[in-house]
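Hi,

Here is the structure I said I'd pass on. Have a look at it first, and then read on for what turned up.

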Amino acid sequence: MTLPARRLFVGHRLRDLRRVLGISQAAMAARIGLSVSYLSQIENGDRPVTEGVLITLAREFPADWGSIDAADDTALLIATLEAVSDTSVEAPALDETAVRRAVKHQPLLAQRLVAMHDAYRRAQEQLRALDDRLVAGSGAPGLLPWEDVRDWFHAAGNYVDALDRRAEEIGETLGADRIASLEARLAERGVSVAISGALAAPLRDYDGATLRLDGSQPGETTLFSLAHQVARHEFGDVIGGIVAASEMASETARALLTAGLTNYAAGAIVMPYTRFRTEARSVRHDIDRLRRIFGTSFEQTCHRLSTLQRPGALGIPFFFCRVDMAGNITKRHSATRLQFARFGGACPLWIVHEAVAIPDRILTQLIETTDGIRYVSMAKGLVKPSETYTRPARRYAVALGCEEANASEFIYADALGTGGIATPIGSSCRVCLRTDCDQRAFPPAASGIRVDPDRRGAVPYEVV
């Protein structure tokens, strides 16, 4: 006997999502392709959510709807549709009706297709890693310490629950003058704070009793430094346990991971998760408004947005990176499907390179990666001035972006609109398969080239 399909009544979740996003029933109905009356019936619990609506919700709001308790066949259908929609695979597109039929009548085949697509994406990631090692000029079999730590955070989704929740508890107890509150918290542990006026002083210098901070730094740096010191004292046991379980290959890597986790906790103290996520949603992830609310720097705020991956309370999936004047990516994380080159520079067509040369100005761009996924990207050039002419200022740019499906929740998309012409980019020339790129520095590693002495394009060869 065939059991009837399970009826899923989750109107309360849909209503809560709409309220968090701050949009009307009419706007939500238009976004997911329903009538207002139909949506109202779902929200009131009068109608169940159909499979088609579930799929639309998963596509439109992956961060908020990915954990819905849907039937297994619906989850398989969503995963299969994603697999067959990967435009980096050169094959005819499949009609959604055909995919639904395949999932219904050949579920094992659909599961195999999804597994193969996952394996394909892992292979692409391994190819990027191999390319990165070639760029880095490293033939060593193991990762370098900073590579090891960077990969640990990537595998963790750039979110550490045990630290984040404890940091949130501290952050929500701080008074209106958070600097004074943190100084008082340190004083309770026998740590005094002094401001150094010495030329070229370290940003932070702790001798076991006194924390000396560089007086030339802005207030947000002082706030973060104090939070870092609090995290060192109060999270030592948690951080030590995480580092011990990480199986880092070297003492240097363990020390770097300890520092990285302490910095993570400091950011979570000054930008407590729940409040920060709520404020970010309310201002549509406007970095300047958020940094004023939390007293943080532009970079700190962007970085924190990339860590909002708490189960059951996910933020918008963002990618975040920092690029220096030479084009090197010195920080990177992606909660989206976009993956960065791990060494060297990013695609020259990406606006972040222009932002480095134009400080204090926000640039926006609609980009499309080789797998056909489109992203809204913003970038801003930043300058950290020096206190003396003899030391050059630090110049770099930070970039933040999300998939185009989340554009309505990202204020920087307003300058671009959606559905327009996107700039085609790749993660690295060695793994980018675009054959018509005028900015290509060298051919892709997996392809051959053909040189025609009678014909010359933007580059002196054709990729074959």
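This is a predicted model: local features need pLDDT of at least 70, side-chain atom pairs count only at pLDDT 80 or more; totals for chains, interfaces and linings use all residues.

The mean pLDDT of the protein is 83, and 88% of the residues reach at least 70. Helix α16 (residues 287–294) comes out highest, at a mean of 97, while helix α5 (residues 62–65) is lowest, at 62. Two stretches deserve a flag before you set anything up. Residues 1–5 stay under 50 in pLDDT, and the model gives them zero contacts beyond four places in sequence. Residues 67–71 are also below 50, but that stretch has 11 contacts beyond near neighbours in sequence.

Now the three-stranded sheet. It is open, with mixed pairing, and its strands come in the order β1-β3-β2. The edges are β1 (192–196) and β2 (204–206); each has a single partner strand, so one side of each has no neighbour in the sheet. From one strand to the next, the twist averages 20°. β1 and strand β3 (residues 210–214) run parallel and are joined by five bridges. If you want a pair to click on there, serine 196 sits opposite aspartate 214 in β3.

The other sheet has six strands. It is open too, again with mixed pairing, and the order reads β7-β6-β10-β9-β8-β11. Which strands stand at its edges? They are β7 and β11 (423–424), and because each has a single partner strand, one side of each is left without a neighbour in the sheet.

Walking across that sheet from the β7 side, strand β6 (residues 319–324) pairs with strand β7 (residues 329–334) in the antiparallel sense, over five bridges. Arginine 322 has lysine 331 in β7 as its bridge partner. The β6 and β7 hairpin has four residues between the strands, and glycine 327 in that hairpin takes a positive phi near 90°.

On to β6 and strand β10 (residues 394–403): these run antiparallel and are joined by six bridges. Phenylalanine 320 faces leucine 400 of β10, standing opposite that residue. Helix α17 (residues 298–305) packs on this sheet and touches β6, β7, β8 (362–368), β9 (374–384) and β10. The direction of helix α17 makes about 30° with that of β10.

Further along, β8 and β9 form an antiparallel pair over seven bridges, with glutamine 365 opposite serine 377 in β9. Their hairpin has five residues between the strands, and here glycine 372 takes the positive phi, near 85°. β8 also runs parallel to β11, joined by two bridges. In that pairing, the bridge partner of glutamate 368 is proline 424 in β11.

Cheers

Methods: Residues are numbered from 1 along each chain as its sequence is written. Side-chain values use heavy atoms; hydrogens and water are left out. pLDDT is the predictor's confidence in each residue, from 0 to 100. Contact means heavy atoms within 4.5 Å. Two strands pair if DSSP finds at least two bridges between them. Axes are lines fitted to C-alpha atoms, for helices over the stretch in contact, and angles run from 0 to 180 degrees between N-to-C directions.
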